[in-house]
2 protein chains.
Amino acid sequence: MSVFTTITPKELSAWLKNYALGELVELKGIAAGITNTNYAVTTTQGKYVLTLFETLQAHELPFYVNLMAHLAHHGIACAAPIANQRDEYIDTLAGRPTVIVGWLQGEPVTTPTTAQCRALGAMLAQMHRAGETYPGRMANPRGPVWWTATAAELYGYLDEAEAAQLRNELALQARYRFSHLPSGVVHCDLFRDNVLMHGEQIGGFIDFYYACNDILIYDLAITLNDWCAQEGGEIDAARAEALCAGYQSVRPFSQSERDAWPVMLRAAALRFWVSRLWDWHKPQAGELTFRKDPNVFQRILRHHATRGDTPRWL
Amino acid sequence: MSVFTTITPKELSAWLKNYALGELVELKGIAAGITNTNYAVTTTQGKYVLTLFETLQAHELPFYVNLMAHLAHHGIACAAPIANQRDEYIDTLAGRPTVIVGWLQGEPVTTPTTAQCRALGAMLAQMHRAGETYPGRMANPRGPVWWTATAAELYGYLDEAEAAQLRNELALQARYRFSHLPSGVVHCDLFRDNVLMHGEQIGGFIDFYYACNDILIYDLAITLNDWCAQEGGEIDAARAEALCAGYQSVRPFSQSERDAWPVMLRAAALRFWVSRLWDWHKPQAGELTFRKDPNVFQRILRHHATRGDTPRWL
């Protein structure tokens, strides 16, 4: 990844003639983004984000791109893809599958307030509801089958305590089945850097390329583990309460969801612990990935484990 | 018309549960709008315009509403309709067909600048291009058949000079056929009050309820007659030039379009002269319409007629 593709204003001006977006005024690379090339594009008509996909193929994109369009037309704060003159969202530029979306207001926050957590929870639940009529289907490629197989290759790299904890978490998850819980379209990667905040409002959810069909509260658990965890892995109760209250203001938990919640929080932490351990110990040759600390999720898991029963903040 | 429908915050709050738009914060009537009831709706998530249709029936709306959605997803500045939980744009509230759209920035201008005219022309041409892939079809109900029949009922109300001018214009138009010119989706009512300007940018086109399939440059002619006419009916050359240059920066005129242009400007003025004469002399019983001065278009027609050949500002 990080094979960034350079495009010139001249190339882009010619390409923009396939769109109803006016004439190019400014083209600026966006530093963020590990797997795709992103440009900020200003035209006589407005501001947009142009994404050139470096790893995803054109045939893999429709699920994500049509999902973004579906959610945007339901009023969910997310980047709306813009169709070209052939009425297609996915075009080609510099040999890469390319999508151009409307610019969203806001920036990611590092330390969210409780008001922001509440707004986030509400928007996530709105997204889950709006997703009910989305016809696309995508299995979660990072589910139990994946984490079990991946863990098996990781034990050799872990110390005894880590390995024991990982085995323990896998064994715990293997005792649970969640197929009775409401499922639907989930973002599955709604970390702080994938949400633009505009004051206390959600400017937009971005980076839908882990979206899939899965258990709805699993999505909330992933979100909570990032938005509400403190340095040491404890969950900030005020933020967690606000996030869950916001979510439930739109989509209240059923009793089954409530019962599953403690284990769901651990499943969500396990998934990212495993993927980060993998990226840490087995970086792909030639890859310039930002390796992120896996221990964050080890600590979160430990805290979830010691707490045991359903947290008060649900 | 003007049978305004009142809705309460309580009714609206309940209705909004069909949408993914958050909770109602404020509901405010919008004074503008002669044929529909419009409300400004603020929710925890954003700001919207709610329209309750007073005369159009639900089955008549899809052409317009799907058109707005189509144009919005091509990046054309217009209100994007928002789908409800059943994935439908058209819902019902207080017994009226109802549509909720995103709030657009900007306000109508009375005296447009040349920069605004240029931006308007470019956006109109973008709209015509983006409309090429729109599958909906709608005949223009205000075409030559309509204006001929309507004029026949008006002569009795006109003085001799007016009647002669009207007969003359109808005779002129009857000598021309434009079926060889490029046609497509046109707004057909892009007067200043139907365009929100945000500085020099187009905030949005609104009020698509005269949109139909017709000759593309007829749409530009309607627009020009309102945006560029001065009090006495003369066309402001600088504004007209900017409007046409903006349009042609996206969609240059063909030779046939250039040849047809002087007569097209008169067709566009004739259509509104006739409809305003009708509203003036034959207001519908019980109707609270704002009658607009028909003579504006009579004067514009006179100026177009005396100029004769293709204006320099094309």
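Ala269(B) sits in helix H8 of chain B, residues 255–281 (helices are DSSP runs of H or I with at least four residues, numbered from the N terminus). This is a predicted model, in which local features need pLDDT of at least 70 and side-chain atom pairs count only at pLDDT 80 or more, while totals for chains, interfaces and linings use all residues. Residues are numbered from 1 along each chain as its sequence is written, and side-chain values use heavy atoms, without hydrogens and water.

Ala269(B) counts as buried because its relative accessibility is 0% (buried means under 20% relative accessible area, with a 1.4 Å probe and protein chains only). Leaving aside neighbours within four places in sequence, Ala269(B) is in contact with Asn225(B), Phe297(B), Ile300(B) and Leu301(B); contact means heavy atoms within 4.5 Å. Its C-alpha atom is 8.1 Å from that of Ala221(B), 48 residues away along the chain.

Now to the interface of chain A and chain B.

| Interface item | Value |
|---|---|
| Residues in contact | 31 residues of chain A, 31 residues of chain B |
| Buried area | about 2,300 Å², 37% of it on carbon and sulfur atoms |
| Polar contacts | 20 residue pairs, both at pLDDT 80 or more |

Buried area is the accessible area (1.4 Å probe) that two parts lose on being put together, summed over both. A polar contact is a pair of N or O atoms within 3.5 Å; within protein, one must be able to donate a hydrogen and the other to accept it, and residues adjacent in sequence count only if both atoms are side-chain atoms.

On the side of chain A that touches chain B, H3(A) gives the most, with four residues.

Technical notes
Chains lettered and ligands numbered in written order. Helix = DSSP H or I, 4+ residues; strand = E, 2+ residues; numbered from the N terminus. Buried < 20%, exposed > 50% of the residue type's maximum accessible area, 1.4 Å probe, protein only.
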